[in-house]
Amino acid sequence: MTERGAWGHKLHFLVTCIGFATGLGNLWRFPALAYENGGGEFWSTKIFFGAFLVPYCIVSVVIGFPLLYLELSIGQFARVGPARCFRYFKPAFQGVGWASIVVAYIVGIYYNMINVYSGVYLKQIVTGGAEQWMLCGNEWNTEYCQSGMEDENCKAKDGNLSFYFNGQCHTEEFRRLRTEMAIWKSNDLQVLNGTRLPPVSSAEEFFELYVHEKGNGLTDDRINWQLLIGFALIWVVTAVTLVKGVKWIGRISTFTATLPYLIITCIFFRAITLDGAEIGLDFFLFNPDWSYLYKLDTWMQAAIQICYTLGIGFGGLLSLSSYNEEQHNCFKDAIIVVSMDSFMSIFGGSAAFATMGFLAKQSGLPLSQVVQSGTTLTFVAYPEAMMRMPWPTLWAIAFFLMFLLLGVSSQFGEING
């Protein structure tokens, strides 16, 4: 029987677990709960999220920590992966381990594609094309492209012109009339009769039409080469790292799991000093409605979020702990991992909403039209906000590097499971 590998240092196991637990869910799903769990009305979510922090912290201690400690203990005791671990308890339970492996691989495919998105944005920044997602003159933009930077360029050329549309500068009166009238869009394939098409931000068109190369449906058989090549490359990096063993994973995780905390700290202190940051922070923290503490759904969503962000049940933590010595103190590690995960969620959420408050102030829009969730928050709202900051290239590189590192460190745990 082949001897099972072991961690080169106890710290390597800890930072790898932190990297696995602290992922994309902390920075986009955690703030998105304010969008999705306020009784169906957006403005009710304004007061929901501040109160949500209370059940989230309680659930982290009551549910998150015990389950995390249990999974680490099982893996350390059995010293095998999830495919064989549950068989030791009862042969019929072996399917539980295989089910977690299937789920982990599905999530791994999704995570790697998000990593590719981050890589595309980093490539765009490094090659000097960062401003392209703020402009409407690119080959992929449509006539409905709307950009605050283009509006500012129009106003700089002529003080009477402050609205950019369809490649030309227009007056505010044109903006008003365009908002009131029905916009008809036609092309060689179809006419969308009776459809009112609102303006689309340049950042959204960049993500949908340049990054995604969004087509006309299943009949569009084009291959998105930049995503395909990036996807293959990230899988090769993941595979090579896993083949090298846990000692390599531990060394790499020392970098990929710790640097995001340094970056988010810098972004946080920069974000809270931005003009308009108080708008987002008030939305996020300072206006709670404690009546939500009496609603079951609030506590359910808190429990779902903590289990999701910690990666409980995916098999990754169990597999990582199986490389520990039998006498290793995984109780202490579980406390640290839960604490760091909650810290990233609250700290990262504060930075996110401070940044969105800044964007709302800059764009003159209410926060309800600025704050987004999921990929839209990360790859549409954030890039636009970063390009409006002083030293935009620096902050954009830091942000997307942080997301790439978070995704890669989580990926190591997912696929290793």
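Lys361 is partly exposed, with a relative accessible area of 40%. In this predicted model, Lys361 forms a salt bridge with Asp275, and the closest N and O atoms are 3.0 Å apart. The briefing below covers this salt bridge, the aromatic pairs, the packing of selected helices and a nonpolar surface patch.

**Salt bridge**

- The count of salt bridges in the structure comes to one.
- The partners belong to distant parts of the chain, 86 residues apart: Asp275 sits in the loop between helix 11 and helix 12 (277–284), and Lys361 sits in helix 15.
- Asp275 has a relative accessible area of 45% and is therefore partly exposed, the range for this class lying between 20% and 50%.

**Aromatic pairs and cluster**

- A pair of aromatic rings is described by the distance of the centres and the angle of the planes.
- The structure contains 28 aromatic pairs.
- In one of them, the ring centres of Trp133 and Phe206 are 5.6 Å apart and the planes stand at 65°, so the pair is edge-to-face; the cut-off for this class is an angle over 60 degrees.
- Trp133 belongs to the loop between helix 5 (94–126) and strand 1 (145–146), while Phe206 belongs to helix 8 (residues 202–211), so the pair ties together parts that are 73 residues apart in sequence.
- Both Trp133 and Phe206 are buried.
- Phe399 and Phe403 form a tilted aromatic pair, with 5.1 Å from centre to centre and 50° between the planes.
- Phe399 and Phe403 are separated by about one helical turn because they are four residues apart in helix 17.
- Phe399 is buried at a relative accessible area of 2%, and Phe403 is buried at 1%.
- One aromatic cluster includes Trp133, Phe206, Phe399 and Phe403, and among its other members are Tyr117, Tyr121, Trp140 and Tyr382.

**Packing of helix 10**

- Helix 10 spans residues 246–256, and Val246, Ile249, Gly250, Ser253 and Thr256 are buried in it.
- Viewed down the helix axis, the buried residues of helix 10 fall within an arc of 130°, so they line one face of the helix.
- The cover over these buried residues includes helix 1 (10–21), helix 9 (225–244), helix 11 (259–271) and helix 17 (392–416).

- Phe231 is located in helix 9.
- Leaving aside neighbours within four places in sequence, Phe231 is in contact with Ile109, Asn112, Met113 and Val116.
- The C-alpha atoms of Phe231 and Asn112 are separated by 6.7 Å, although these residues are 119 residues apart along the chain.
- Thr355 is placed in helix 15 (residues 330–363).
- With a relative accessibility of 0%, Thr355 counts as buried.
- Residues up to four places away in sequence not being counted, Thr355 touches Ala271, Tyr382, Ala385 and Met389.

**Nonpolar surface patch**

- A nonpolar patch on the surface is formed by Ile58, Val61, Val62, Ile63, Leu67 and Leu70, which together have about 490 Å² of accessible area.
- Val62 lies in helix 3, which comprises residues 42–78.
- The relative accessibility of Val62 is 55%, so Val62 counts as exposed, the cut-off being over 50%.

Note on methods. Residues are numbered from 1 along each chain as its sequence is written. This is a predicted model: local features need pLDDT of at least 70, side-chain atom pairs count only at pLDDT 80 or more; totals for chains, interfaces and linings use all residues. Side-chain values use heavy atoms; hydrogens and water are left out. Buried means under 20% relative accessible area, exposed over 50%, partly exposed in between (1.4 Å probe, protein chains only). Helices (H or I, at least four residues) and strands (E, at least two) are DSSP runs, numbered from the N terminus. The arc is that of the directions from the helix axis to the C-beta atoms. Contact means heavy atoms within 4.5 Å. Patches are made of residues with over 30% relative accessible area and no salt bridge: like charges are joined within 9 Å, nonpolar side chains (Val, Leu, Ile, Met, Phe, Trp, Tyr) within 5 Å. Accessible areas come from the Shrake-Rupley method with a 1.4 Å probe; for residues, only the protein chains shown count as cover. A salt bridge is a side-chain nitrogen of Lys or Arg within 4 Å of a carboxyl oxygen of Asp or Glu. Rings of Phe, Tyr and Trp (its six-membered ring) pair if their centres lie within 6.5 Å; planes under 30 degrees apart count as stacked, over 60 as edge-to-face and the rest as tilted.
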